[in-house]
Amino acid sequence: MSKMRLHIVTPHGTYKDTDVDYLGISTTGGDLGILPHHIPLATGVTISEMHYEVDGKTYRFAIAGGFMYVDADNTVTVIGNAVESPEEIDLRRAEEAKQRAESRLKKRDQNIDTKRAEIALKKALIRIAVKNGQ
Amino acid sequence: MAGQMQAIKRRIKSIDSTRKITKAMMLVASSKLMKTRKQMDNMKPYYSQVKDTCAEILASAQGDVDSPYLVRNSSGRDVVIVISSSLGLCGGYNANIFKTVEKEVKKNDLVYVIGHKGESYMRSHTSNDLNNDYVELNSSLDFRQIVRLTNHLLDGYKNKEIKTIRIIYTEFVNNLTFTPRVVELLPVSQEDLKGEEKQGVHKQTLFEPSPEAVLDSLIPMYLQAVIYGYLIESVTSENASRRTSMENATDNADDLTEQLQLKYNQARQSAITNEVSEIIAGANAES
């Protein structure tokens, strides 16, 4: 089966550079499945779970939003603010973040705070889901 | 004679202990320098990828994209971000930044300071409005803080409260050369982005949902990458500058102790000569 190159970069360096069969990712325009030799595509990535498959095995990650770019030379580049595998996720921290965000949302002081708390809550929920979905 | 010798001995001792400190600081600065240089290299793929994609979108949209970040606001304040250090003893690093600040920052600009030295300089030398929410950023290098800062600035820009955003940072040329630079971050200059684009290749890239939407989500990431990159570059310069100045200080201390040691030996020699001649003179007188 033909593969494509998946390149995941974060501000702290290249996170992963590997050949994969399939990439499933949630974009601003909806969920997308990318197979090798996709046409060039650029789109935003939401705070979500993404996964790729290599030789029948699935690898899952939590991504805290970012950007995806499919190039004509069979390369997919995912630029993420933070990308974590289930092993790297600190469940306790995620739970704490979730509780913090929830209590902040209940207070409802100002608009900006609500928006930030919502994003934090979303990130925490995705992390927990990815961690527990193993 | 003995008093002079004592004084020299004391000076040697004090210089020696200063030398120990400068040497230790040099070692610390070198290891920090290595760390930040590595961070700088790690950061590069992220930065260049974001930049290339931005350039490609602008190129394939043939200037049709309409983004609030590309248009120059006619109202609002000018914002300047100044990156300095929090610790001293780093040679001309801060002085060079302040010289640039003097030239570039106008009276009514709102200044975001990063680094405590910059904060105290702005307070004592200028009357500009300051924002010191992010003053610790140069030591924490926390990307989430950068995201917060960027979002805050972008919101201000979209609401036309901010006219332009500039950043004053120190460019890291090599281990010995650093130059302060001023760069305009917003509005995003299309020329800057296009500069490094591979020409000729026109791939018919699909933009989901639309080029504008993609650009709107990409420009904040671009700015985060740029600010983070400049910050790391400044910190690298700071460490390199500290390393060099501490190295010079250590060398100076070595020179000084060498000279003083020579003086001490001379004094000791002349004291001995003196004593010997006194004894001889005494012996001669008795016989």
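1. Some ground rules. This is a predicted model, where local features need pLDDT of at least 70 and side-chain atom pairs count only at pLDDT 80 or more, while totals for chains, interfaces and linings use all residues; side-chain values use heavy atoms, with hydrogens and water left out. Residues are numbered from 1 along each chain as its sequence is written, and chains are lettered from A and ligands numbered from 1 in the order in which they are written.

2. Let's take chain A briefly. The secondary structure comes to two helices and eight strands, where helices (H or I, at least four residues) and strands (E, at least two) are DSSP runs numbered from the N terminus. Along the sequence the pattern of chain A is β-β-β-β-β-β-β-β-α-α. The C-alpha atoms of chain A fill a box of roughly 50 × 30 × 25 Å along the principal axes, and 46% of its 134 residues count as buried. Tyr15(A), Tyr52(A), Tyr59(A) and Phe61(A) form one aromatic cluster.

3. How far can you trust chain A? Its average pLDDT (the predictor's confidence in each residue, from 0 to 100) is 86, and 94% of the residues score at least 70. Confidence in chain A is highest in strand β3 (residues 22–27), at 92, and lowest in helix α2 (residues 111–132), at a mean of 81.

4. Now to chain B and its sheet. This is an open sheet of five strands in the order β3-β2-β1-β4-β5 (chain B), with mixed pairing; two strands pair if DSSP finds at least two bridges between them. At the edges stand β3 (129–131) and β5 (178–186) of chain B, each with a single partner strand, so one side of each has no neighbour in the sheet. On average, neighbouring strands of this sheet are turned by 25 degrees against each other, direction ignored.

5. Strand β1 (residues 77–83) of chain B deserves a look. Five of its seven residues are buried, so β1(B) is largely enclosed by the rest of the structure. With strand β4 (residues 162–172) of chain B, β1(B) pairs in the parallel sense over six bridges; there Asp78(B) has Thr164(B) as its bridge partner, and Val79(B) has Ile165(B). With strand β2 (residues 110–114) of chain B, β1(B) pairs in the parallel sense over five bridges. Between β1(B) and β2(B) the chain crosses through helix α2 (residues 93–104) of chain B, and this β-α-β crossover is right-handed, meaning that with the strands pointing away from the viewer, the path from the first strand over the helix to the second runs clockwise.

6. Next, the helices lying on that sheet. Helix α2(B) lies across β1, β4 and β5 of chain B, running at about 150 degrees to β4(B). Helix α3 (residues 116–125) of chain B lies across β2 and β3 of chain B, at about 145 degrees to β2(B). For these angles, axes are lines fitted to C-alpha atoms, for helices over the stretch in contact, and angles run from 0 to 180 degrees between N-to-C directions.

7. Rings of Phe, Tyr and Trp (its six-membered ring) pair if their centres lie within 6.5 Å; planes under 30 degrees apart count as stacked, over 60 as edge-to-face and the rest as tilted. The rings of Tyr46(B) and Phe143(B) have centres 6.3 Å apart and planes at 90 degrees, so this pair is edge-to-face. Tyr46(B) lies in helix α1 (residues 2–60) of chain B and Phe143(B) in helix α5 (residues 143–158) of chain B, so the pair ties together parts 97 residues apart in sequence. Phe98(B) and Tyr121(B), by contrast, are stacked, because their ring centres are 4.0 Å apart and their planes at 5 degrees.

8. Finally, what does Arg242(B) touch? Arg242(B) lies in helix α7 (residues 211–286) of chain B and is buried, at 6% relative accessibility. Its contacts (heavy atoms within 4.5 Å) include Met25(B), Ala29(B) and Leu87(B), not counting residues up to four places away in sequence. Ser237(B) also lies in α7(B), and is buried with a relative accessible area of 0%.

Key
Buried means under 20% relative accessible area, exposed over 50%, partly exposed in between (1.4 Å probe, protein chains only).
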